[in-house]
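Q: Please take a close look at one part of this model. I would like a connected account of how its pieces touch.

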Amino acid sequence: MRRWMGVSLSLLPLLFLLYGCTLLQERPLTVNGYWQGGIQGGAEEASRSVQLHLLQNGTDVTGWVKFISGYSFSIWPITSGTFDPEARTLSIEATNPEDQGEVYSFVGTVSRYSMSGEGTYTDGDREEGFTWSVQRGEGYADLNGPWEGEISGGDFEADLQFDLAQTVKRLEGWINVKTESTMVVLTISSGEVDQEKKLVTIIARGTPSPAKEESYTFTGTLLLINGEWKRMLGTCHFSSNETEEDLIWSATKVSKGQEIE
Amino acid sequence: MYRLLAVVLLCVAWAAAALASGENDTPIGASTVSLNGIARGTVCKEGDPVDWWKVYIEGPTEIVVFLDGVGGDNDQYFYSHSLDLLAQSTGSGADEVVFGGVSGGWYYIKVYRYSSGCSDYYLGVLSADVSGYLWGAEDIDIYRIYMSAGTTYWIFLTDHSATFNPDLFLATSEHVIARSNSTGNVDVIKYMPSVSGYYYIAVGSASGSGDYWLFVGSR
């Protein structure tokens, strides 16, 4: 019995070596997930933000590309995509869903947390080249808590405070619209975050005076900051008994320490 | 007479149930907690994830705002009267605390149920009972306090220094009952004595020297 114990003990370093080697084996490289960065040069604008949501199945890649410019954005489905894990190369094409002649092609090299390369844009008639780079972001957008930002349009300009409570995709809470002279607290009557497309839609209502009712419909996209979904921006349709207006807005997630500032 | 009492009790129960089901879901409907008071509430991920509270503080003082919850993950946020975030405590447990100096006026507190299920909680806003200074690692200050059997006491010790690390002790005249030696800027002891009488709170420096504030709340 003691001899067997001795043999077993002598095998321990070997087992450790084998197990350790298994542990040290690198996880296979995939492109699955959310990526965000920019493209430089090319069509119309010198630089614009780009988000990718990639779904890899073997060497096939599907998903979408979101182009963000100012406060507007558009999502183009990936119509063809391949990833070669050996060569670490990615090649995708995204087509404008409203104009099948407009196509962005991206070709680049992939590392675990970033990708970069070159691409072309065509609208059917002309073709332009650009360079691109993106960094990996987290999969789940946690919008819980306070956000601060701005809303504006025409002569109107105000500070925004969101305070969100999120249950997976449902958003509740309130929104504070503060100008130099007024503060209107809106209650969120309906709010949703699209976790797949990383979009938000919030309808909020308030009554700044007994005779006046206001409604704000916020639609926007989430943006990654240092890998986390901590910024959102978009457009807002405002309506009251007296007027209707289209506004732009943005907000950034606020974080504080335990010590009161 | 009994019928009147029953109606009154029914109204009280209804009001309590209404509050628990989400009457204080926004800052406008915030419930009031008094300074040095400890209130009770319940948050549920489904249906009532948020409770808002407000507290009036007469003038400049040091405070702790604590959440003593049961199970899962609760978060706590502390806001100015204009709803600017001043501090947050969003750890992975059900208990949270923020602390520091305030200038006075109305302040808002949000309690948020982060994880699934429900959590009953106590929410307390305490102003400092005493402040002191410890002159290095050998220094210790001792305070005597009368504690009643069956009452729950929350004792907090705070500081604002990165180099000063005071520890908190609760003792009888014979032995130490509880201690807190957190390396952060907050120490806490929660204790319910089984015997009424005088107890001793000791504040000692584990390292460094500096100002500290001591808070005692009970319910």
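What distance separates the centres of domain 1 of chain A and domain 2 of chain A, taken over C-alpha atoms? Please describe the contact around that pair of domains.

A: The model is predicted. In it, the centres of domain 1 of chain A and domain 2 of chain A, taken over C-alpha atoms, are separated by 29 Å. Domain 1 of chain A covers 33-137, and domain 2 of chain A covers 145-253. Where these domains touch, domain 1 of chain A supplies nine residues and domain 2 of chain A supplies nine residues. On the domain 1 side of this contact, at least two residues each come from β3 (60-69), β4 (72-84) and β8 (127-137) of chain A. Of the elements on that side, β8(A) gives the most, with three residues. By class, the side of domain 1 of chain A that touches domain 2 of chain A holds four nonpolar, three polar and two charged residues.

Chain A also touches chain B, and this contact takes 19 residues from chain A and 24 residues from chain B. On the chain B side, the elements that give two or more residues are β5 (74-79), β6 (85-89) and β7 (95-102) of chain B. The most come from β7(B), which gives six residues to the side of chain B that touches chain A. By class, that side of chain B divides into 16 nonpolar, seven polar and one charged residue.

Conventions:
Residues numbered from 1 in each chain as written. Chains lettered and ligands numbered in written order. Predicted model: local features only at pLDDT ≥ 70, side-chain atom pairs only at ≥ 80, totals over all residues. Contact = placed C-beta atoms within 7 Å. Helix = DSSP H or I, 4+ residues; strand = E, 2+ residues; numbered from the N terminus. Nonpolar A, V, L, I, M, F, W, Y, C, P; charged D, E, K, R; others polar. Domains from an automatic or database assignment.
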